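Here is a friendly note to read alongside the structure. Have the 3D view open and follow the points one by one.

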Amino acid sequence: MGHDVLLVGSVPFDTVEDVMRNCSGALGSHLAALPDGEVGERRSWVLRLSYQVFNGHIDLETIKRPERVNGVEQLMPRSREDVWLFRVKPGVDMVRFGNPGYRLGYAKDAVNSYFVFKTLREKGIIPQGMRFQISMPMVNSVVRPLTFPEAADLARIRPGYEEAIAAELDAILAAIPHDDLAIQWDCAWEVSAVYNPPDGYPGEGDIETHTAPIGRLSRRLPEAVALGFHFCFGTFGGWPRFAPDDLDRAVALVNAAVKATGRRVDWVHIPALDRTDDAFYAPLADLDVGEARVYLGLIHSMDSFAQRLQAARKFLPDFGIAAYCGFGRIAPDEIPAILQDHKTALEIAGLSS
């Protein structure tokens, strides 16, 4: 398979089949892995976990929830000021999660989506050699200050949540052939935190705080399973949620994350802003990711795509391309144009053959 394009994960179609038919049809020869689109409530990335997992947990207290609209309860926050907030109940040292392997929903969805993937591959709609991609938010992107505002609570929740993710991985590995499988760790809060350490959360700006769980979870994966990373500047409330001056801290985090895995990493996705200046891209020269394929999130603001591509290639001559993030917060009727942007970007980059 090709490795010129990466789809980060979310695609706002109604069904997994719609996602796979459309994305494989448009870009199949350029993709090494195909996501299921994170359809349904996974379109919200980690926001669904507030009402599906944390609200009602025996060891957590809900201290704020999204406001009603016209008297009707709302589960999905409409803004960063409208989010669910939780705290650990007094006397609880570690929050743990029951029903291991299925509590978070990733394994259940993966097994169902893999059946669609396998069926479409048997029909020739998905090319042979394509891997099935499961994108999973890393621990600290879920258990973060936005949702758990009391700093001491992070250390009480993160180990148990990591334990729950490990159980989901075990269930996935038991159900899906390893040479068909690709796991992608999604890291958004981690990037934000190392650029802009939050006040009152000791150590949250330290790279090691975020690479430690990456290392522990990555080492659970057999070598036959492909491993990738998506690093992000955030899209909740509009993209980018923050705009750094350059890629320096992102590159430092990427290098440390890859090293922490202790194994082969197959790809790394790094977002790029609508910047054409050398200073923004210069830190790419310091990437140290072994044989991992680097994808830069350049597919946006297409009027400046060629200039941004040229600027990045001064410091990283060989890389694949991608959008800055997934498309879950984009209207479905925009997806055909976005897929066409991917084709156009491939042509401009000389990767379309």
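This is a predicted model: local features need pLDDT of at least 70, side-chain atom pairs count only at pLDDT 80 or more; totals for chains, interfaces and linings use all residues.

**Notes on spaces and helix packing**

1. Searching the whole structure turns up 3 cavities of 30 Å³ or more.

2. Which residues line the largest cavity? They are Pro35, Asp36, Glu38, Arg42, Tyr106, Asp109, Ala110, Phe132, Gln133, Ile134 and Ser135. Two elements, α3 (106–122) and β5 (131–137), each give two or more residues to this lining. Of the elements, β5 gives the most, with 4 residues.

3. Sorted by class, the largest cavity is lined by 5 nonpolar, 2 polar and 4 charged residues.

4. Now turn to the largest pocket, which contains about 540 Å³ of space. Its lining is made of 35 residues.

5. Next, a pair of helices. Helix α1 (residues 16–27) packs with helix α11 (residues 335–348) at an angle of about 20°, and their axes are 10 Å apart. Angles under 35 degrees count as roughly parallel, and α1 and α11 are therefore roughly parallel to each other. The crossing of α1 with α11 is right-handed.

6. Where do these two helices touch? On the α1 side, look for Asn22, Cys23, Ala26 and Leu27; they meet Leu339, His342, Lys343 and Leu346 in α11. The residues of this contact between α1 and α11 comprise 5 nonpolar, 2 polar and 1 charged.

7. A second pair is formed by helix α5 (residues 151–175) and helix α7 (residues 207–218), which pack at an angle of about 30° with axes 10 Å apart. That angle makes α5 roughly parallel to α7. Here, too, you can check the handedness: α5 and α7 cross in a right-handed way.

8. Finally, which residues make the contact of α5 and α7? From α5 come Arg158, Glu162, Ile165, Ala166 and Leu169, while α7 supplies Thr209, Pro213, Arg216 and Leu217. By class, the residues in the contact of α5 with α7 are 5 nonpolar, 1 polar and 3 charged.

Note on methods:
Residues are numbered from 1 along each chain as its sequence is written. Side-chain values use heavy atoms; hydrogens and water are left out. On a 1 Å grid over the protein atoms alone, a cavity is a set of points where a 1.4 Å probe fits but cannot get out, and a pocket is an open set with protein on both sides within 12 Å along at least five of seven lines; lining residues have an atom within 4 Å of a point. Grid points are joined across faces, edges and corners, and a volume is the space filled by probe spheres set on the points. Axes are lines fitted to C-alpha atoms, for helices over the stretch in contact, and angles run from 0 to 180 degrees between N-to-C directions. Angles under 35 degrees count as roughly parallel, over 145 as roughly antiparallel, 65 to 115 as roughly perpendicular and the rest as oblique. A crossing is left-handed if the near helix is turned anticlockwise from the far one by less than a right angle, and right-handed if clockwise. Contact means heavy atoms within 4.5 Å. Ala, Val, Leu, Ile, Met, Phe, Trp, Tyr, Cys and Pro count as nonpolar, Asp, Glu, Lys and Arg as charged, and the others, Gly among them, as polar.
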